[in-house]
Amino acid sequence: MIEDCRQRETAAAFVLGALTPHERDDFEAHLATCRACRREVDRLDAGAHALLVAPDPVAPPPELKERLMATVRADAELLRAASGRDADRVRHPRRFARPLLAAAAFAAAVVVAVLAIDGGSGSDVKTVAATTTVPGVRAHVEVRGSTARLVMTGLRRLRAGKVYEVWVKRGSAAPEPSGTFFAVADHGATTEEVHAGVGSGDQVMLTVEPAPGSEAPTTDPVVTATLT
Amino acid sequence: MALPRLRPKAPSRKLESLADEELMLQVRGGDDAAFEVLYDRHSGVAYSLAHRMTGAPGPAAEVVQDAFLALWRWTSGYDPARGSVRNWLLGIVRNRAVDALRRTSVHQRQTTNDEGLADRVPDPGRTDIEVVRRDEARTVQAALAILPDAQRRAIELAYYGGYSHTEIADMLGAPVGTIKGRMRLGLEKLNNELATIREAT
């Protein structure tokens, strides 16, 4: 070998992921300037990649696929509902979709988690009636400590490019986006976690917004609830 | 959930004929059917690795779910220039499994690993993908079996156990320099063996 380097011995530990984060950063910086070590890493990488496929085959449980596909299909449907035939889709094919997707996915995860922990309505859940401006819509808010969820029926399905967005208004301050956005199925019933903390006197509101959601409401609330 | 569900349907033939890299482009566009094809192709190898590392079905499923969601939500920046989709995905699985292992104490890690090896359900290996997988795993296992125990142990503790070279040195009562040397010699030998086996077939 024509070139050599004192640090070449570290390359094996590097490709095996056996360096501490600090050592790894140092070695990566070194790799940028040392050809001998880069070659050593390339040479040893093949063996490390082979280790990824060495474990005895074990079949994943079928529920894993069911769980993942349920999440993925719900995300995909939301994306389609949010961007559909909207003109924004042509101008910004991806820009809006991902934040909405992430927010929707997070909301879905929170709802699932809450349902799992809750398993029904405990005695410490307070129900607050909401007023609605659209005929046929009924809504209430379930508050547990500083968390709230909005339970609604009779919501109409939105045109492509529109989403429902949940807001929290504290005192005289402007309504804050709660980070909860959703589309709704034909039957119009849904329960949505408000994932911003809430307290007594706060208002939880629902508006229709252009996808992927707005920083401030652009339409009048469909639902308003003042927490007690 | 509020969202209307699509009726589950079998992935189309057309998607199944696409390469992983092409499917990734579809996934980036939010195509759940393309995602399903990638899941069917790689969930077996991903789960086997996660199971080997975490040693138990629950944590293994969690790790694999996280990794595939990272793929779907495009949060881990796949770059085709830096290697195959499979190696990228398995790299995420390994990182998540190491994170999961590091959240438990050294003692628990060793205990779960031993328990998990006893009660796992072997893959019956019926489909073509599974048959190819089984052959692939056996090839690498055969190459690993050639290594001296000390070298294999250092490699496995690092790669599957998520231990650092200094932790391994403590566990095995050897200087860090010796452990690094065993890792290098072991990987070199593994590479050579794999090259020999590939030439022979």
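The following conversation concerns a predicted model with chains A and B.

Reader: Before we start, how are things numbered and which parts count?

Author: Residues are numbered from 1 along each chain as its sequence is written, and chains are lettered from A in the order in which they are written. This is a predicted model, in which local features need pLDDT of at least 70, side-chain atom pairs count only at pLDDT 80 or more, and totals for chains, interfaces and linings use all residues; side-chain values use heavy atoms, with hydrogens and water left out.

Reader: How many residues of chain A are in contact with chain B?

Author: The number is 57 residues of chain A, in contact with 65 residues of chain B. Contact here means heavy atoms within 4.5 Å.

Reader: And how much area do the two chains bury between them?

Author: Chain A and chain B bury about 5,700 Å², with 64% of it on carbon and sulfur atoms. Buried area is the accessible area (1.4 Å probe) that two parts lose on being put together, summed over both.

Reader: What is the count of salt bridges between the chains?

Author: There are six between chain A and chain B. A salt bridge is a side-chain nitrogen of Lys or Arg within 4 Å of a carboxyl oxygen of Asp or Glu. One salt bridge joins the side chains of B:E36 and A:R73, at 3.4 Å from N to O.

Reader: Which helix of chain A gives the most to the side that touches chain B?

Author: Helix 4 of chain A does, with 16 residues. Helices are DSSP runs (H or I, at least four residues), numbered from the N terminus.

Reader: What about salt bridges over all chains?

Author: The structure holds 18 of them. Within chain A, the side chains of A:R8 and A:E40 meet in a salt bridge of 3.0 Å, N to O. A:R8 lies in the segment before helix 1 and A:E40 in helix 3, so this pair ties together parts that are 32 residues apart in sequence.

Reader: New topic: what volume does the largest pocket have?

Author: Its volume is about 1,300 Å³, taken as the space filled by probe spheres set on grid points joined across faces, edges and corners. On a 1 Å grid over the protein atoms alone, a pocket is an open set of points where a 1.4 Å probe fits, with protein on both sides within 12 Å along at least five of seven lines; lining residues have an atom within 4 Å of a point.

Reader: Which residues lie nearest its centre?

Author: Of the 36 lining residues, those nearest the centre are A:V15, B:R82, B:G91, B:R94 and B:N95. Helix 5 of chain B gives the most to the lining, with 11 residues.

Terms used:
Helix = DSSP H or I, 4+ residues; strand = E, 2+ residues; numbered from the N terminus.
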